[in-house]
Amino acid sequence: MFLYELPTSGAISFSDFCNDLTVNKRHVVDIPAATEARAAIRSVLKVSKRTEHGRKDYLQLVKVLEEYIPQLRGIIECIAHDEIALKSEPQFSWRTTLSANIFNTSPRLSIPGLQADLVFSLLTYAFALSNLARSTVSSLGRYEFDRAITESERKAKDDQLNIVVDFLCRASGIFSYIADTVIPQWENQIKGRSAGFEHPPELCREVNNALAKMALADAQTVAIRKYLSKAAFDSNIAPGPPLPSSHPSPGLIAKMHLECVSLYSSARSLVKTVGTRKRPPSAPDSTGEVSTDLRRYLADQEALHSALAHKWLGVEAGEKGGTQRGGDAVGFMTWSKKELQELKDGRLSINIARGGDKGVKDQLKQKIVDELESVNVFHKYYKKANDSIHFQPIPSQANLQAKVPAGIMAIAAKPYVPRPPAFGPGSVAHVQAQTELLDLDDDKPRSSPTDIPSPATIGTYAGAGAYF
């Protein structure tokens with residue numbers, strides 16, 4: 001999984017640019033509370049910046065963001081309903097961590113508009129969930145290959161993988177919400193006032209849609225691991241064919257990998273569009289592209305899942321295809337072996353994210369080595385069977401490509417539903433107050449005029465009640 005570099009933000013006070021317009025000044029406490037909640041985020045991000053990856057407290061960051069976002073939405077709703085007025089256009093300082101930069105540092109930008117702060121807050125929320133998921137996976141180790149692990153221990157770790165999938169599906173939903181809802185609102189908010197302002201990748205819909213796809217592909221990758229957990233444990237003694245009875249359908253696993261290929265490929269195409277835009281002559285240190293780390297991650301994951309999809313298509317042909325598909329089994333394994341060997345020999349280009357974990361690349365290389373060993377075992381077995389039993393021709397790669405099925409999703413993104421604003425219109429307190437007013441109105445005695453005919457006295461024929 002990709003390790004996001006968390007952004008940092010400058011200090012700001014909402015009291016400097018927010019004016020309470022209510023008669024009884026009921027937001028006099030709410031505005032400083034929003035400032036305090038934002039200061040808590042800034043403090044946690046600063047501490048995280050100075051902390052080693054393995055010791056970062058992503059859960060604490062998630063909590064403070066969940067407290068601040070409703071506060072910020074309260075400010076936004078109050079402004080929309082004329083309960084708070086802006087004395088001036090607020091400018092929020094954020095470091096953009098998704099930008100490719102000449103000096104490999106995160107440039108700090110001053111970004112106009114409350115919606116921009118909401119975008120960066122939600123992005124940081126999704127980054128924290130993704131990094132929390134990655135940290136959880138790292139803590140589990142390669143437990144399914146531990147011969148000493150008990151069944152209950154293995155299942156408990158499987159449950160942790162389910163939690164990881166949930167984190168990533170939530171992150172995907174947040175990225176989609178940013179792209180579909182918040183960025184369009186921000187663009188409308190600053191329309192006509194953004195001349196010369198360079199949109200960082202974080203404020204581009206394409207990039208957020210790409211991150212949504214990437215998070216979903218990462219979630220499916222973890223789901224695949226969970227599906228294979230029992231079979232991997234059962235295969236510890238004798239890896240390779242024949243498959244243990246606990247093994248899920250190889251065809252299903254192949255289709256899940258193929259869907260990951262599609263998602264990573266789509267995400268990669270989307271992030272490429274950002275660097276092709278015409279840029280103003282500002283921010284000379286920025287290349288205007290998405291960071292190299294992210295682009296390489298997408299390319300390498302696409303290649304890795306392609307190799308694994310071909311591996312499992314080969315296993316499907318070899319284990320369930322009978323004599324007629326003996327050649328397909330060898331062909332797909334040869335294809336997978338070629339792709340994995342290319343990754344092992346140097347095409348693997350995933351770099352360590354700025355401030356990231358130094359073991360990332362080693363873990364990925366080990367994954368490729370392990371998969372290559374597995375493919376070699378299957379390839380040797382199926383080739384021997386075809387040479388001595390099946391005698392089927394080995395299809396070309398082009399012919400095999402025609403036999404590759406469409407991918408399939410085993411999980412789904414969880415749409416982000418924002419919590420109600422902490423105060424003002426739409427808040428729980430506001431809704432309760434409105435409900436109480438309606439209840440009081442219902443308790444008042446009402447007159448019942450007798451000169452208005454009841455519905456029963458009006459005819460039901462066509463044209464009843466009309467005057468001609």
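Are Phe2 and Tyr4 buried or exposed? I found that both are buried (under 20% relative accessible area; exposed is over 50% and partly exposed is in between, with a 1.4 Å probe and protein chains only).

Before going on, I noted that this is a predicted model, in which local features need pLDDT of at least 70 and side-chain atom pairs count only at pLDDT 80 or more, while totals for chains, interfaces and linings use all residues. Residues are numbered from 1 along each chain as its sequence is written, and side-chain values use heavy atoms, with hydrogens and water left out.

**Entry: the whole chain**

I counted eleven helices and six strands (DSSP runs numbered from the N terminus: H or I of at least four residues for helices, E of at least two for strands). Of the 468 residues in the chain, 47% are buried. I also looked up contacts, meaning heavy atoms within 4.5 Å. Among those with a separation of 6 or more, 82% join residues 24 or more positions apart.

**Entry: aromatic rings**

I searched the whole structure and got 15 aromatic pairs (rings of Phe, Tyr and Trp, the last by its six-membered ring, with centres within 6.5 Å; planes under 30 degrees apart are stacked, over 60 edge-to-face, the rest tilted). Phe2 and Tyr4 have ring centres 5.1 Å apart and planes at 80 degrees, so I wrote them down as edge-to-face. Tyr381 and Tyr382 are also an edge-to-face pair, at 5.7 Å centre to centre and 75 degrees between the planes. Tyr381 is partly exposed at 44% relative accessible area, whereas Tyr382 is buried at 4%. I then found one aromatic cluster made of Phe2, Tyr4, Phe127, Phe175, Tyr264 and Tyr297.

**Entry: the core**

Next I turned to the largest nonpolar core, which has 118 residues (buried Ala, Val, Leu, Ile, Met, Phe, Trp, Tyr and Cys joined through side-chain atoms within 4.5 Å). Phe14, Leu122, Tyr125, Phe175, Leu211 and Met214 touch the most other members. Helix α3, residues 114-140, gives the most to this core, with 16 residues.

I followed Tyr125 further. Leaving aside residues up to four places away in sequence, Tyr125 touches Val62, Leu65, Glu66, Ile69, Arg170, Ile174 and Tyr416.

Helix α7 runs over residues 292-320 and reaches 42 Å from its first C-alpha to its last, close to the 42 Å expected (1.5 Å times one less than the number of residues). Because 22 of its 29 residues are buried, α7 is largely enclosed by the rest of the structure. Just after α7, Gly322 has a positive phi of about 70 degrees.

In helix α1 I picked Thr35, which is buried at 15% relative accessibility. Thr35 touches Ile12, Ser13, Phe14 and Ser15, again not counting residues up to four places away.

In helix α4 I picked Asp180, which is exposed at 54%. The C-alpha atoms of Asp180 and Asn209 are 8.5 Å apart, although 29 residues separate them along the chain.
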